[in-house]
Amino acid sequence: MFLITGATGNVGRPLVSALLAAGAPVRALTRRPADAGFPEGVEVAATEDLPMDGVTAMFLHPAVAWGGAGPLLTRAVDHGVRRVVVLSSQAALDGDADNWIAVTHRDFERAVEESGLEWVFLRPGAFASNTLPWARTIRSQGVVRAPYGAAQVNPVHERDIAEVAARALLGDDLVGTAPVLTGPESLSQIDQARVIGEAIGRPVRFEELTPDAARAEMIGGHVPPSVADALLRMFADAVGRPAEASPDVARIMGRPARTFAQWAADHAADFR
């Protein structure tokens, strides 16, 4: 049995699909089981119950244990879970002690290593789906408002993350590794807005927000100040700096990583 936390999320849902396609038994955890909408054959349970009976490997979204992974990992060991595949972050490679995102993911990875479980740390860079919050103003006004338009990232398609995660759960070749998962090309935020416009068949313009205005907007949207500050520093550092493309998706999957244009075409309905 494969236990998937965050199963209705951007990575969890395509991961469930990938495991089903491989004929694997799946237990999907979600905060609202009645609304999960998974196909027949998926065992759905509440995240708060965290049922681990019969589970041999689990996909762990850190959001289910931000308060500390220790109790969850102890429970996994006690139930005979053998392997944990963690949705970590490329930020874990950042040694900045003031970067809340980096420190949190490094601490999470350390707790998993100390648990004695087999582990795989997936370290995606910027998710392509990070642009989904732009959808409301794109639909209504054809505009994106964000800070640091020239900041460059290498957005990764969530299906690439999910397919690598499935490989890590089903096989042994990735145990003890921490692949960095990115898209194949560096794009500025302005470029991403343009590509979304091409996907939906109408221009999307980019309007630059000041960092202070962006911070106020994020905090108003319930983003913790420490996270908002870390994100703004990361964007500021990325201005005019091409983001390096990792070869790990292609190496693991035997095919190129999906482009942001492919992601935008897959999600065009979200922006129309």
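The expected span of a helix is 1.5 Å times one less than its number of residues. Helices here are DSSP runs of H or I with at least four residues, strands are runs of E with at least two, and both are numbered from the N terminus.

This is a predicted model, with local features needing pLDDT of at least 70, side-chain atom pairs counted only at pLDDT 80 or more, and totals for chains, interfaces and linings using all residues. Residues are numbered from 1 along each chain as its sequence is written, and side-chain values use heavy atoms, leaving out hydrogens and water.

Start with helix α3, residues 100–115. Its 16 residues reach 23 Å from first C-alpha to last, close to the 22 Å expected. Buried (under 20% relative accessible area, 1.4 Å probe, protein chains only) residues of α3 include I101, H105, F108 and V112. Their cover, by contact (heavy atoms within 4.5 Å), includes β4, α2, β5, β6 and α8. After α3 comes G116, with a positive phi near 90°.

Now the sheet. Seven strands form an open, parallel sheet in the order β3-β2-β1-β4-β5-β6-β9. β3 and β9 stand at the edges with a single partner strand each, so one side of each has no neighbour in the sheet. Pairing requires at least two DSSP bridges; β5 and β6 pair over 5 bridges, and R83 stands opposite E118 in β6.

Last, N154, in the loop between β8 and α5. Buried or exposed? N154 counts as buried, because its relative accessibility is 5%. Beyond its neighbours within four places in sequence, N154 contacts A126, T182 and A243, among others.

Methods:
Buried < 20%, exposed > 50% of the residue type's maximum accessible area, 1.4 Å probe, protein only.
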